[in-house]
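Visitor: I would like to go through this model with you. Could we begin with a term that will be needed along the way?

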Amino acid sequence: MIKKIITVCILSAAVVSCKKETAVPDGKPANDSIAKNETKEDQYKPIDTACSANNKTEDYIKALQWYRTKIDKEIAGNSPEQNNKVYEDYVKIREKYTECFNDSQTEILDKYIDYHTGPDTYNLPDNIKKMAAELNKAGLEFREMGEGLTEIHSLPGYYASVFKNKVTPDYDAYISQMAKDNKENYAVNGGLLITWEELGDRLIEWENFINKYPKSPLLKAAKDNYYNYLLDYLLGMDSDRIYDSEEGKIYDDKREAYNKLIKKYPNSNTVKKTKELIAAYDAHTPVDQIEDKINLRR
């Protein structure tokens, strides 16, 4: 499965709010309920991103919500360029918390598949329903990954909901495409879970990004996504082959998908490589020589 690869930095120090002292007739400091609540919020420190067995579900949820509030305030006053950095930092913070969260909930995650009653239906116990609702408040969800594996992940469109139109165009496009890619599972057990035609369209989206934003700090991450998809598209997967060795030809459904892509995006690099692949197979090039023949590596 494709992995998101992005360079990120540690989140900057928490914003400190400054308050003016309020004078009162007897000289005592103001002590109303609003002041108390503000002081309490200012004094809150989120749990460390280093995983600890002492951290509870509510600790992670509260920390994630605190960071969301902090980020919303921060990006409102920033330039798009500043928010690019905020996005990178925020991704790292959330991914670290989510990793710890997964480690702390292994018992629930191991049993989650037992509650599955249909393609998209579950009979969840009340405690799991409650946790799912809490996760949703923090932009997280239970996601079945296949073969009985369940993990806690950010909602596919979470970052887009936070940063849309708040970052530079390249970051906006990247975040939007990642939301689309993460909307459904990509593959399981060496087999594709989306259609071959959908995979071709993803390739074109990433190719367009690479061509449109050649100087973007996200270029390496975009290229990683593109070439990982391209390898699967042209070389197949363990449980999703391209070439029928017995018949000595590309499988009919794959050739049909390739031909649709060629017709739809005739001038793309993806189509160029696809044509090279078809020509190599039609010339009966040995399968183990295909990758070198069409030079798929960057």
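Predicted model: local features only at pLDDT ≥ 70, side-chain atom pairs only at ≥ 80, totals over all residues.

Visitor: Is Thr 98 buried or exposed, then?

Guide: Thr 98 has a relative accessibility of 8%, so it counts as buried. The residue lies in helix 3.

Visitor: Which residues is Thr 98 in contact with, leaving aside neighbours within four places in sequence?

Guide: With those neighbours left aside, the contacts of Thr 98 are Leu 140, Ile 152 and His 153. As for Leu 64, its C-alpha is 9.3 Å from that of Thr 98, and the two are 34 residues apart in sequence.

Visitor: Let me step back to the whole chain. How many helices and strands are there?

Guide: The chain has 12 helices and eight strands. Of its 298 residues, 41% count as buried. Taking contacts between residues at least 6 apart in sequence, 61% join residues at least 24 apart.

Visitor: And the largest nonpolar core: which residues have the most contacts inside it?

Guide: Those are Phe 142, Phe 163 and Tyr 258, in a core of 77 residues. Helix 9, residues 219-235, supplies the largest share of this core, with nine residues.

Visitor: What does Phe 163 touch beyond its neighbours within four places in sequence?

Guide: Phe 163 is in contact with Ile 71, Ile 75, Asn 83, Val 86, Tyr 87, Tyr 90, Asp 172 and Ile 175, once those neighbours are set aside.

Visitor: Tyr 87 and Ile 175 are both on that list. Where do they sit?

Guide: Tyr 87 is in helix 3 and Ile 175 is in helix 7, and both take part in the meeting of these helices. On the helix 3 side the residues are Asn 84, Tyr 87 and Glu 88; on the helix 7 side they are Tyr 171, Tyr 174 and Ile 175.

Visitor: At what angle do helix 3 and helix 7 pack?

Guide: Helix 3 (residues 80-104) and helix 7 (residues 169-181) pack at about 30 degrees, and their axes are 9 Å apart. Helix 3 is therefore roughly parallel to helix 7, since angles under 35 degrees count as such.

Visitor: What else is in contact with Ile 175?

Guide: Ala 160 is; leaving aside neighbours within four places in sequence, Ala 160 is in contact with Ile 175 and Ala 179. Ala 160 is found in helix 6. Between Ala 160 and Ile 175 the C-alpha distance is 5.8 Å, with 15 residues of separation in sequence.

Visitor: A change of topic: Lys 254. Buried or exposed?

Guide: Lys 254 has a relative accessible area of 5%, and so it is buried. It lies in helix 10, residues 252-264.

Visitor: With which side chain does the side chain of Lys 254 make a polar contact?

Guide: The partner is the side chain of Asp 240, at 3.1 Å. Not counting residues up to four places away in sequence, Lys 254 touches Trp 196, Asp 240, Arg 241 and Ile 242.

Visitor: Now the loops. Where is Pro 46?

Guide: Pro 46 is in the loop between helix 1 (33-43) and helix 2 (57-76). Its relative accessible area is 18%, so Pro 46 is buried. Beyond residues up to four places away in sequence, Pro 46 touches Ala 63, Trp 66, Tyr 67 and Tyr 97.

Visitor: And Gln 105, buried or exposed?

Guide: Gln 105 is buried, at 10% relative accessible area, and lies in the loop between helix 3 and helix 4 (106-111). Setting aside neighbours within four places in sequence, its contacts are Thr 57, Met 131 and Ile 152.

Visitor: One last item, backbone angles. What is the phi of Asn 165?

Guide: Asn 165 has a positive phi of about 65 degrees, although it is not a glycine. Most residues other than glycine have a negative phi. Asn 165 is found in the loop between helix 6 (158-163) and helix 7, and at 60% relative accessibility it counts as exposed.

Visitor: And what about the phi of His 284?

Guide: The phi of His 284 is also positive, near 60 degrees. This residue is in the loop between helix 11 (269-282) and helix 12 (290-294), and His 284 is exposed, with a relative accessible area of 55%.

Note on methods. Residues numbered from 1 in each chain as written. Heavy atoms only, no water. Axes fitted to C-alpha atoms, helices over the stretch in contact; angles between N-to-C directions. Helix = DSSP H or I, 4+ residues; strand = E, 2+ residues; numbered from the N terminus. Parallel < 35°, antiparallel > 145°, perpendicular 65-115°, else oblique. Contact = heavy atoms within 4.5 Å. Core = buried A, V, L, I, M, F, W, Y, C linked by side-chain atoms within 4.5 Å. Buried < 20%, exposed > 50% of the residue type's maximum accessible area, 1.4 Å probe, protein only. Polar contact = N/O pair within 3.5 Å; in protein donor to acceptor, adjacent residues only side chain to side chain.
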